[in-house]
Amino acid sequence: MKCSDLQQARKECPNLKMLDVRDVSEYMACPRKETINISLGRLPYVWEQELKPDDSVVIVTPKRSDGILAARKLKKAGFTSLFYLQEDCTACHSMQHVY
């Protein structure tokens with residue numbers, strides 16, 4: 001999914017979950033509005049606190065390999081509607097930094 005597709009996806013699916021899989025220290029240095037932060041290492045153990053397998057989830061991470069790993073872990077848990085944000089949206093209105 002590209003940044004330009006994100007706004008349309010939010011309109012079509014208002015319950016779309018944005019999952020940031022960066023480590024907490026990386027996330028706190030640059031938090032993003034409306035994202036759930038669960039680091040990749042903790043994802044298999046705590047995803048149930050924030051997500052359900054029938055949720056549509058957009059995985060947000062600057063490292064493509066981390067996005068692929070997160071998708072694999074969630075797919076194993078029964079998720080079927082998974083997307084990876086292919087570009088950094090911090091400059092557009094789809095996703096803004098929290099100040």
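Visitor: Which residue in strand 3 is the bridge partner of M18?
Guide: This is a predicted model, where local features need pLDDT of at least 70, side-chain atom pairs count only at pLDDT 80 or more, and totals for chains, interfaces and linings use all residues. Residues are numbered from 1 along each chain as its sequence is written, and side-chain values use heavy atoms, with hydrogens and water left out. Helices (H or I, at least four residues) and strands (E, at least two) are DSSP runs, numbered from the N terminus. In strand 3, M18 has as its bridge partner V58.

Visitor: And which residue in strand 3 is the bridge partner of K17?
Guide: Strands of a sheet pair through backbone hydrogen bonds, either parallel or antiparallel. Here strand 1 (residues 17–20) and strand 3 pair in the parallel sense over four bridges; two strands pair if DSSP finds at least two bridges between them. In strand 3, K17 is partnered by V57.

Visitor: What is the order of the strands in the open sheet?
Guide: The open sheet has four strands with parallel pairing. Strand 2 and strand 4 are its edge strands, each pairing on one side only. Read across, the order is 2-1-3-4.

Visitor: Which residue in strand 4 does I59 stand opposite?
Guide: Strand 3 and strand 4 run parallel and are joined by four bridges. In strand 4, I59 stands opposite Y84.

Visitor: How far apart are the closest N and O atoms of D55 and K17?
Guide: Side chains of opposite charge can pair when their charged atoms come close. D55 and K17 form a salt bridge, that is, a side-chain nitrogen of Lys or Arg within 4 Å of a carboxyl oxygen of Asp or Glu. The pair links distant parts of the chain, with D55 in the loop between helix 3 and strand 3 and K17 in strand 1, 38 residues apart. Their closest N and O atoms are separated by 3.9 Å.

Visitor: With which residue does R22 meet in a salt bridge?
Guide: The structure has two salt bridges by this rule. R22 is buried, with a relative accessible area of 8%, and D20 is buried too, at 0%. At 2.8 Å, N to O, the side chain of R22 meets that of D20.

Visitor: Where does T61 lie, and which residues is T61 in contact with?
Guide: T61 lies in the loop between strand 3 (56–60) and helix 4 (64–76). T61 is buried, with a relative accessible area of 7%. Contact means heavy atoms within 4.5 Å. Leaving aside neighbours within four places in sequence, T61 is in contact with V21, R22, D66, G67 and Y84.

Visitor: Which side chain is joined to T35 by a polar contact?
Guide: T35 lies in the loop between helix 2 (24–29) and strand 2 (36–37), and at 13% relative accessibility T35 counts as buried. A polar contact is a pair of N or O atoms within 3.5 Å; within protein, one must be able to donate a hydrogen and the other to accept it, and residues adjacent in sequence count only if both atoms are side-chain atoms. At 3.1 Å, the side chain joined to that of T35 is Y27.

Visitor: What is the angle between the planes of W47 and F79?
Guide: A search of the whole structure finds one aromatic pair. W47 and F79 form this edge-to-face pair, 5.2 Å centre to centre; rings of Phe, Tyr and Trp (its six-membered ring) pair if their centres lie within 6.5 Å, with planes under 30 degrees apart counted as stacked, over 60 as edge-to-face and the rest as tilted. W47 is in the loop between helix 3 (43–46) and strand 3, and F79 is in the loop between helix 4 and strand 4 (81–84), 32 residues apart. The angle between their planes is 75 degrees.

Definitions and conventions
Buried < 20%, exposed > 50% of the residue type's maximum accessible area, 1.4 Å probe, protein only.
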